[in-house]
Amino acid sequence: MSTKPRREPSLPDLSRYGRLAEYRAKRRFDVTPEPPPRLARAVKTAATASPKLEFVVQKHRAGHLHYDFRLEHEGVMLSWAVPKGPAPDPAVKRLAMQTEPHPMDYNQFEGVIPEGEYGGGTVMIWDRGTWTPESSDVGRALAKGDLKFRLDGRKLKGSWVLVRTHGRQWLLIKHRDAHASSEDLTATKPRSVVSRRTLAAIARAAGASPRQLEQAAAADVPRDAAAPAATQHRAR
Ligand code: MN
């Protein structure tokens, strides 16, 4: 993490993109419909009129299905890829791989990243809302690898924690509170919170390839229902 970036003379100067440099370097914005990097102008502080911080969870069928969990911090969306999606059960620890910070414009993105591009596949806005740090100094909590927070989304609510295990690997865990439950929200609430669409409907509308459309449709079927014993009884 503290290693100096290697000089790559063929790459354009990324310095002005700051914390979005990695986001920019991984994508071709003349090909992907994802938003180009743009740092939010104002960093929100306690003094800001509306100090609400945004969070979003995007269901993303790329190489593998995962849920991108993003928290606004200092003008960007800090991001973790959660393969199994967030679980409101405090007994369940979900692996969350930290990925590159995304621009705040990304919170509006629902569509299809073309085949062959970075993260190629269908993206759904699975949940969104606001978050409140429960750690007094977010920067320090992130550096320590122990960030406590509250979520006020349509699906995810209450107190949670992200704990770093090593490197970019973290665990996302629900705290015990009134919003803890054993419900599998990825199965019971599978649709987009902005368009009410399934992943397959998003893929179809955005002109996905036949392969992407098939993968999106398969990702709409809950994991348990997709088990061999249940394949004849797929949800209609
Ligand atoms: Mn992703």
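Guide: Buried means under 20% relative accessible area and exposed means over 50%, with partly exposed in between (1.4 Å probe, protein chains only). This is a predicted model, in which local features need pLDDT of at least 70 and side-chain atom pairs count only at pLDDT 80 or more, while totals for chains, interfaces and linings use all residues. Residues are numbered from 1 along each chain as its sequence is written, and side-chain values use heavy atoms, with hydrogens and water left out.

Visitor: Okay, which residues coordinate the manganese ion?
Guide: The manganese ion is coordinated by His-60 through ND1, His-66 through NE2 and Asp-68 through OD, at 2.1 to 2.3 Å, where donors are N, O and S atoms within 2.8 Å of the metal (3.2 Å for Na, K and Ca), and the site may look incomplete because water is not among the atoms. Along the chain these donors follow the spacing H-x5-H-x1-D.

Visitor: Are those histidines, His-60 and His-66, buried or exposed?
Guide: Both His-60 and His-66 are buried.

Visitor: And which side chain meets Asp-68 in a salt bridge?
Guide: Arg-70 does, at 3.5 Å from N to O, a salt bridge being a side-chain nitrogen of Lys or Arg within 4 Å of a carboxyl oxygen of Asp or Glu. Arg-70 and Asp-68 are both buried.

Visitor: Switching topic, how many salt bridges does the structure hold?
Guide: It holds 14 salt bridges, including one between Glu-22 and Lys-26, whose closest N and O atoms are 2.8 Å apart. Glu-22 is partly exposed at 29% relative accessible area, and Lys-26 is partly exposed at 31%.

Visitor: Which residues are linked with Glu-22 in a network?
Guide: Salt bridges link Glu-22 in a network with Lys-26, Arg-27, Glu-34, Glu-100 and Arg-168.
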